[in-house]
Amino acid sequence: MTSRTRLLLPAAFITSLGNNIQLLGAALLLVRAHGSMLDVGWLFIAVAVPQAVLSPYFGRLADRFDRRRLWVLCDVISALTALALPVGLALGVAQQPLVYATNFALAIIAAQFTPASAALIRERVPTENLRSFNAHYEIALQSGMLLSASVGGIALQYFGPQPLFTFNALTFALSAALVLAVGERRRPRGHVEEVLPQATKRLPQAASAAAVLDRIPLVPLAVLFGQGLVVVTVFNALLPVLLIGEWQRGPAVLGVVDAVGGAGFLLAAAVYRRSAGWLGDLRLATGGFMVCSGLLVLQPLFGVPALMGLVLLGAFLFGQARIATRSLLMTSVDESRVGHAFGIANGYGLAATVVVMLIASIVTGHSDTRYGFAVLALISILSAAFATTWISKASKEPRPEVTALI
């Protein structure tokens with residue numbers, strides 16, 4: 001992995017920072033104006049729907065066109081789109097439609113960005129370095145979330161939304177500059193037709209080629225990956241309603257709780273390589289999601305201090321499961337189809353997010369957030385159990401020989 005490839009890490013950090021400031025600020029604007037879980041839920045649904053519909057198709061585009069240029073194009077368009085929100089607020093445009101419209105547009109762009117960024121990472125990072133890179137990538141993402149939650153929540157309370165939304169546009173521009181600095185790819189994409197003849201020359205290469213063809217099915221991995229999207233999105237919608245709407249705390253408290261969750265993710269990324277070496281990515285992914293989902297039930301029951309402790313533990317387990325699933329998904333298909341795989345997984349996850357968000361919003365609207373968290377936990381456990389059962393069954397089926405696939 002070259003030093004230029006490592007520029008993708010700060011690009012991921014700055015993009016995560018801006019995206020989460022945007023979404024956090026938009027959610028808080030709606031909570032202050034309406035105080036309804038359903039209003040916040042519709043915001044997250046507006047973000048999820050276009051990605052759910054378009055991600056599978058855009059994933060194919062990421063495999064057909066230059067992935068680096070797609071990443072840069074997404075950043076440039078996102079910067080211009082993000083500027084529409086602070087400009088519109090300054091001009092007196094109606095707040096709620098403006099919030100929904102700009103976040104909807106950014107979500108369409110994100111539908112292309114997600115598979116393109118994943119495919120670019122798989123393209124530029126050697127397989128033997130993927131675990132290490134994915135751990136650092138997750139640290140970059142969660143560091144952005146941590147900083148956006150703590151600094152963003154406090155700044156929103158004291159300075160208002162316009163500066164934060166303007167800063168979000170600047171983060172997209174900086175991300176584009178960093179990815180441009182990565183440079184063009186120096187080698188053509190490998191194909192099975194090119195790799196397999198070389199595998200006959202050296203035994204380690206032959207073993208590697210056989211391992212590539214012996215992979216976990218894509219569908220249960222997509223379910224696990226999508227499970228992560230469901231938990232993060234619905235949890236982030238429930239949390240401001242719990243803290244601000246029900247417990248009457250300020251945005252700064254929300255920022256601190258989110259920062260604690262970000263710290264848990266950072267700890268997860270720091271120990272992931274050791275945990276994956278001990279348990280394996282598959283066990284780490286399935287077990288981490290199951291335990292983390294169970295913790296969701298307890299989080300809204302005991303007040304802010306207990307919530308912080310449970311969020312820290314849940315994020316620590318969830319973070320390792322998320323990195324493990326990302327690594328598994330990246331190696332589940334040939335490099336030339338990684339964009340399509342992530343497009344399918346992202347599309348499924350966001351479609352499931354819409355359904356779960358609606359269910360949690362309706363349940364919370366007729367009761368309180370305790371039941372919303374319980375619904376999220378139940379659905380998460382069932383999804384993880386379904387994926388685990390599918391993978392376990394697939395592992396017992398006879399595997400085709402390499403020669404049969406040539």
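Let's start with the contact between H11 and H12. On the H11 side, the residues involved are Asp 281, Leu 282, Leu 284, Ala 285, Gly 288, Phe 289, Val 291, Cys 292 and Leu 295. On the H12 side they meet Leu 310, Leu 313, Gly 314, Leu 317, Phe 318, Gln 320, Ala 321, Arg 322, Ala 324, Thr 325, Ser 327 and Leu 328. Sorted by class, that contact holds 14 nonpolar, 5 polar and 2 charged residues. Please keep in mind that this is a predicted model.

Now the geometry. H11 covers residues 281-296 and H12 covers residues 304-330; their axes come within 8 Å and cross at roughly 150 degrees. Angles over 145 degrees count as roughly antiparallel, so that is how H11 runs relative to H12. The crossing of the two helices is left-handed.

Staying in H12, I want to pick out Leu 329, which belongs to that helix. Is Leu 329 buried or exposed? Its relative accessible area is 0%, so Leu 329 is buried. What is Leu 329 in contact with, once neighbours within four places in sequence are left aside? The partners are Leu 218, Leu 221, Phe 225, Ala 341, Phe 342 and Ala 345. Pro 217 is worth a mention here as well: 112 residues separate Pro 217 from Leu 329 in sequence, while their C-alpha atoms are 9.4 Å apart.

Next, charged pairs. The structure has 4 salt bridges. One of them joins Glu 123 to Arg 67, with the closest N and O atoms 3.4 Å apart. This pair connects distant parts of the chain, since Glu 123 sits in helix H4, residues 95-124, and Arg 67 in helix H3, residues 67-90, a separation of 56 residues. Both Glu 123 and Arg 67 are buried.

Glu 123 also forms a salt bridge with Arg 124, and there the closest N and O atoms are 3.0 Å apart. Glu 123 has 5% relative accessibility and therefore counts as buried. Arg 124, at 14%, counts as buried too. Which residues make up the salt-bridge network here? Asp 63, Arg 67, Glu 123 and Arg 124 are linked in it.

Last, a pair further along the chain. Asp 368 forms a salt bridge with Arg 370, the closest N and O atoms lying 2.8 Å apart. Asp 368 counts as buried because its relative accessibility is 17%. Arg 370, at 40%, counts as partly exposed.

Definitions and conventions: Residues numbered from 1 in each chain as written. Predicted model: local features only at pLDDT ≥ 70, side-chain atom pairs only at ≥ 80, totals over all residues. Heavy atoms only, no water. Axes fitted to C-alpha atoms, helices over the stretch in contact; angles between N-to-C directions. Helix = DSSP H or I, 4+ residues; strand = E, 2+ residues; numbered from the N terminus. Parallel < 35°, antiparallel > 145°, perpendicular 65-115°, else oblique. Left-handed = near helix turned anticlockwise from the far one by under 90°. Contact = heavy atoms within 4.5 Å. Nonpolar A, V, L, I, M, F, W, Y, C, P; charged D, E, K, R; others polar. Buried < 20%, exposed > 50% of the residue type's maximum accessible area, 1.4 Å probe, protein only. Salt bridge = Lys/Arg side-chain N within 4 Å of Asp/Glu carboxyl O.
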